[in-house]
Amino acid sequence: ADLFETYAVTTSQTVYIGTLVSFAPGAPTRVRSGAATANYRFAGVVESVVNDSGSFISAITGDASGTVRVVVSYGQEILVTCLTAMYTTSNLNKTALLKTNNEVDGTAVGTAALRQAVGMIMKQESTNLVWVKLRQVGTGDASG
């Protein structure tokens with residue numbers, strides 16, 4: 001089932017409807033465009049914009065006050081572009097990792113610090129397209 005959460009967009013960052021977004025380290029209530037970036041965590045897919053800024057916005061770009069927000073979904077399966085090297089049946093039921101705001105990959109995204117789990121690869125659709133069951137993870141590792 002689709003799950004929905006609303007988050008402010010990171011100041012000066014622009015996100016787009018239908019793309020993958022991440023939590024920045026130390027900013028659990030803000031999201032930014034998805035990219036293989038150290039210590040970021042996957043948040044979900046942008047569904048819509050909530051603009052409480054009081055002014056017209058031409059792009060979904062975060063402001064310092066956090067009044068430009070997006071509704072993010074996760075928990076569902078999405079069809080997403082994958083890199084050619086990971087498009088193999090041996091990767092079914094394995095974890096897709098975030099590459100860009102509209103692509104997933106395998107360990108080729110880089111070091112462990114860059115890897116953000118997006119969800120489980122469920123099915124291959126056609127060359128460079130896979131179905132991924134999205135999952136959201138915490139904004140950091142729990143202590144204890």
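## Exercises around strand S7

Val71, its neighbours within four places in sequence left aside, is in contact (heavy atoms within 4.5 Å) with Phe4, Glu5, Thr6, Val45, Val46, Glu47, Ser48 and Val50. This is a predicted model, in which local features need pLDDT of at least 70 and side-chain atom pairs count only at pLDDT 80 or more, while totals for chains, interfaces and linings use all residues. Residues are numbered from 1 along each chain as its sequence is written, and side-chain values use heavy atoms, with hydrogens and water left out.

### Exercise 1. Placing Val71

Find the strand that holds Val71, and decide whether Val71 is buried or exposed.

*Step 1.* Val71 has its place in strand S7. Strands here are DSSP runs of E with at least two residues, while helices are runs of H or I with at least four, and both are numbered from the N terminus.

*Step 2.* The relative accessible area of Val71 is 16%, so this residue is buried. The classes are: buried under 20%, exposed over 50%, partly exposed in between, with a 1.4 Å probe and protein chains only.

*Step 3.* Now look at the whole strand: six of the seven residues of S7 are buried, which leaves S7 mostly covered.

### Exercise 2. The partners of S7

Which strands are joined to S7 by bridges, and in what sense do they run?

*Step 1.* Strand S1 (residues 3–9) runs antiparallel to S7, and six bridges join them. Pairing requires that DSSP finds at least two bridges between two strands. You can see this pair at Tyr7, which stands opposite Val70.

*Step 2.* S5 is also antiparallel to S7, again over six bridges. Here Val50 faces Arg69 across the pair.

### Exercise 3. The surroundings of Ser73

Describe where Ser73 sits, and what its side chain meets.

*Step 1.* Ser73 belongs to S7, which spans residues 68–74. Its relative accessibility is 0%, and therefore Ser73 counts as buried.

*Step 2.* Beyond four places in sequence, the contacts of Ser73 include Leu3, Ala43 and Leu134.

### Exercise 4. Salt bridges

How many salt bridges does the structure hold?

*Step 1.* The count is two. The criterion is a side-chain nitrogen of Lys or Arg within 4 Å of a carboxyl oxygen of Asp or Glu.

*Step 2.* One of them joins Arg69 and Asp52, with 2.5 Å between the closest N and O atoms. This pair links distant parts of the chain, 17 residues apart: Arg69 lies in strand S7, Asp52 in the loop between S5 and strand S6 (60–61). Arg69 is partly exposed because its relative accessible area is 26%, and Asp52, at 46%, is partly exposed too.

*Step 3.* Lys123 and Glu125 form a salt bridge at 3.9 Å, N to O. With a relative accessible area of 45%, Lys123 is partly exposed; Glu125, at 39%, is partly exposed.

*Step 4.* For a sense of place, return to Val71: Lys123 is 52 residues from it in sequence and 26 Å away in space, C-alpha to C-alpha.

### Exercise 5. Barrel and cores

Trace the order in which five strands close into a barrel, then find which residues of the largest nonpolar core touch the most other members.

*Step 1.* The order is S8-S10-S9-S11-S12, with mixed pairing.

*Step 2.* The largest nonpolar core has 16 residues, and Leu20, Val80, Val104, Val118, Val130, Val132 and Leu134 touch the most other members. A core is a set of buried Ala, Val, Leu, Ile, Met, Phe, Trp, Tyr and Cys residues joined through side-chain atoms within 4.5 Å. S5, S8, S9, strand S11 (117–126) and S12 each supply at least two residues of this core.

*Step 3.* Apart from this core lies another one, of twelve residues, with Val9, Val15, Phe23 and Ala43 among them.

Note on methods. A polar contact is a pair of N or O atoms within 3.5 Å; within protein, one must be able to donate a hydrogen and the other to accept it, and residues adjacent in sequence count only if both atoms are side-chain atoms.
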